[in-house]
Amino acid sequence: MSTVQGGLSENEAGQWAEELEGSSLATILERTVERFAPRLAMTSNFGVEGTVVIDHMRKIAPQTPIIYLKTGFQFSETDRVKEELRQRFDLNIVEHRADLSVDEQAQVHGDRLYERDPGLCCQMRKVEPLARALTGYNGWIAALRRDQSPTRALIRVVEWNARHGLVKINPLATWTRQQVWDYILSHRLPYNRLYDDGYASIGCAPCTSRITPGAHERSGRWDGEVRLECGIHLETVSAG
């Protein structure tokens with residue numbers, strides 16, 4: 001049975017998931033903070049889902065670290081909304097980068113690695129930095145939803161994450177896209193303006209495109225590829 005000192009065991013995480021299924025976002029976050037703080041962190045790319053969680057966390061545990069993976073390929077709009085949220089809410093944003101800069105990566109692996117081997121690019125620029133960033137934490141809050149894509153349909157509100165040896169909390173698992181946007185607009189929260197231009201899930205600029213009407217939100221990631229995940233949340237799964 002897997003466990004971390006001061007955290008929950010794998011079995012306990014499963015029990016907690018059943019207990020919190022159907023609970024409100026505020027309740028899930030309050031229980032999470034009670035159980036894991038100060039060894040608790042959140043990850044965010046400052047999409048609308050993350051902003052909903054941040055708006056709750058700033059009232060419950062405002063100095064919880066928010067891990068941001070600065071890949072070097074992010075949209076300028078992403079950094080713009082990140083800084084707007086940081087200033088408005090005095091957020092504790094902790095930025096992590098890959099070992100190699102974008103230029104150094106190109107020197108070692110060739111230019112436009114994200115086209116030739118997106119898996120390797122994501123591994124170096126996202127997966128490995130996240131592993132370092134989560135070291136020492138027992139709880140990890142992420143803003144995944146079940147209806148975002150087929151790969152996320154079975155996520156639980158609380159999960160044991162074997163890769164990082166900690167408990168992952170998905171407090172928005174049961175929320176819909178409409179609920180997220182209703183919250184953002186009714187609370188007048190900042191959001192990435194790329195959403196107004198046809199984007200539904202915003203990652204690195206070279207690997208993100210607008211979605212077609214009726215497609216699931218993550219269909220615009222890795223345009224032309226069968227990838228739906230970069231590997232930081234779920235294993236890479238084929239869309240076909």
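Visitor: In what order do the elements of the chain run from the N terminus on?

Guide: This is a predicted model, in which local features need pLDDT of at least 70, side-chain atom pairs count only at pLDDT 80 or more, and totals for chains, interfaces and linings use all residues. Residues are numbered from 1 along each chain as its sequence is written, and side-chain values use heavy atoms, with hydrogens and water left out. Helices (H or I, at least four residues) and strands (E, at least two) are DSSP runs numbered from the N terminus; the chain has 8 helices and 6 strands. Their order is α-α-β-α-β-α-β-α-α-α-β-β-β-α.

Visitor: Which residue of E6 is the bridge partner of Glu159?

Guide: Strand E5 (residues 158-161) and strand E6 (residues 166-169) pair in the antiparallel sense over 4 bridges. Their hairpin has 4 residues between the strands, and Gly165 takes a positive phi near 65° there. The bridge partner of Glu159 in E6 is Lys168.

Visitor: Are the two faces of strand E5 covered or uncovered?

Guide: Buried means under 20% relative accessible area, exposed over 50%, and partly exposed in between (1.4 Å probe, protein chains only). Val158 and Trp160 on one side are buried, as are Glu159 and Asn161 on the other. Both faces of E5 are therefore covered.

Visitor: How many residues apart in sequence are the parts tied together by Lys82 and Glu95?

Guide: A salt bridge is a side-chain nitrogen of Lys or Arg within 4 Å of a carboxyl oxygen of Asp or Glu; Lys82 and Glu95 form one at 2.7 Å, N to O. Lys82 is buried at 2% relative accessible area, whereas Glu95 is partly exposed at 25%. Because Lys82 lies in helix H4 and Glu95 in strand E3, the pair ties together parts whose separation is 13 residues.

Visitor: Which residues are linked with Lys82 in a network of salt bridges?

Guide: Within helix H4, Arg86 and Glu83 lie 3 residues apart, about one turn of the helix, and their side chains meet in a salt bridge of 3.0 Å, N to O. Besides Lys82, the network links Lys70, Asp79, Glu83, Arg86, Glu95 and Arg97.

Visitor: Where does Asp99, the salt-bridge partner of Arg132, lie?

Guide: The closest N and O atoms of Arg132 and Asp99 are 3.5 Å apart. Arg132 is partly exposed at 37% relative accessibility, and Asp99 is exposed at 61%. Arg132 belongs to helix H7, so the bridge ties together parts 33 residues apart in sequence, and Asp99 lies in the loop between E3 and helix H5.

Key. Two strands pair if DSSP finds at least two bridges between them.
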